[in-house]
Amino acid sequence: MTGEGKLMMNELPAWAAASPSDALSPELKLRIGTALGLSPRETEIAFCMLAGVGRKGIATRVMILWELTVDSHIRRIYTKLHVTSAAAVAGMILLAYMNLT
């Protein structure tokens, strides 16, 4: 971290810049989700958000029929993490990862 407490791009784990949904083991993803207080389904959706997948893509990836259901999961994730954006969710995942490793 820089002296100002900001995380610089060159300090991110390698998987964060690549394909985070595929680079981490399912077990580590669940540990991260548990550390954040997320259910397994919310964890799966949060990692899709981290990968930049949109609502429709998330619905397809996690086999949810209705995008409104995805919206409901995203709202619960935001509430549990006390955030208001997908970028903030990504930041929380990265912080949890760094604390676990």
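This is a predicted model: local features need pLDDT of at least 70, side-chain atom pairs count only at pLDDT 80 or more; totals for chains, interfaces and linings use all residues.
**View 1. Helix α7 and its buried side.** Helix α7 covers residues 86–100, and its 15 residues should span 21 Å at 1.5 Å a residue, which agrees with the 21 Å between its end C-alpha atoms. Within α7, the buried residues are Val89, Ala90, Ile93, Leu94, Ala96 and Tyr97. These residues cover an arc of only 165° around the axis, and therefore lie on the same side of α7. On the other side of the helix, Ala87 and Asn99 are exposed.

**View 2. The largest nonpolar core.** In soluble globular proteins, nonpolar side chains tend to be buried together. The largest nonpolar core here has 26 residues, and those with the most contacts inside it are Ile32, Ile45, Ile58, Ile77, Val89 and Ile93. At least two residues of this core come from each of α3 (26–36), α4 (40–50), α5 (55–61), α6 (67–81) and α7, with α4 giving the most, namely six residues.

**View 3. The surroundings of Ile45.** When its neighbours within four places in sequence are left aside, Ile45 is in contact with Ile58, Val62, Ile64, His73, Ile74 and Ile77. Ile45 is also one of the residues with the most contacts inside the largest nonpolar core.

View 4. Glu44 and Arg41 form a salt bridge in which the closest N and O atoms are 3.2 Å apart. Because the two residues are three residues apart in helix α4, about one helical turn separates Glu44 from Arg41. Glu44 is partly exposed, with a relative accessible area of 36%, and Arg41 is partly exposed as well, with a value of 30%.

View 5. The side chains of Arg76 and Glu42 meet in a salt bridge, at 3.4 Å from N to O. This pair links distant parts of the chain, since Arg76 belongs to helix α6 and Glu42 to helix α4, 34 residues apart. Arg76 is partly exposed, with a relative accessible area of 36%, whereas Glu42 is buried, with a relative accessible area of 3%. Together with Lys80, Glu42 and Arg76 are linked in a network of salt bridges.

View 6. Arg55 forms a salt bridge with Asp71, and their closest N and O atoms are 3.1 Å apart. Here too the pair links distant parts of the chain, with Arg55 in helix α5 and Asp71 in helix α6, 16 residues apart. Arg55 is partly exposed, with a relative accessible area of 40%, while Asp71 is buried at 15%.

Methods
Residues are numbered from 1 along each chain as its sequence is written. Side-chain values use heavy atoms; hydrogens and water are left out. Helices (H or I, at least four residues) and strands (E, at least two) are DSSP runs, numbered from the N terminus. The expected span of a helix is 1.5 Å times one less than its number of residues. Buried means under 20% relative accessible area, exposed over 50%, partly exposed in between (1.4 Å probe, protein chains only). The arc is that of the directions from the helix axis to the C-beta atoms. A nonpolar core is a set of buried Ala, Val, Leu, Ile, Met, Phe, Trp, Tyr and Cys residues joined through side-chain atoms within 4.5 Å. Contact means heavy atoms within 4.5 Å. A salt bridge is a side-chain nitrogen of Lys or Arg within 4 Å of a carboxyl oxygen of Asp or Glu.
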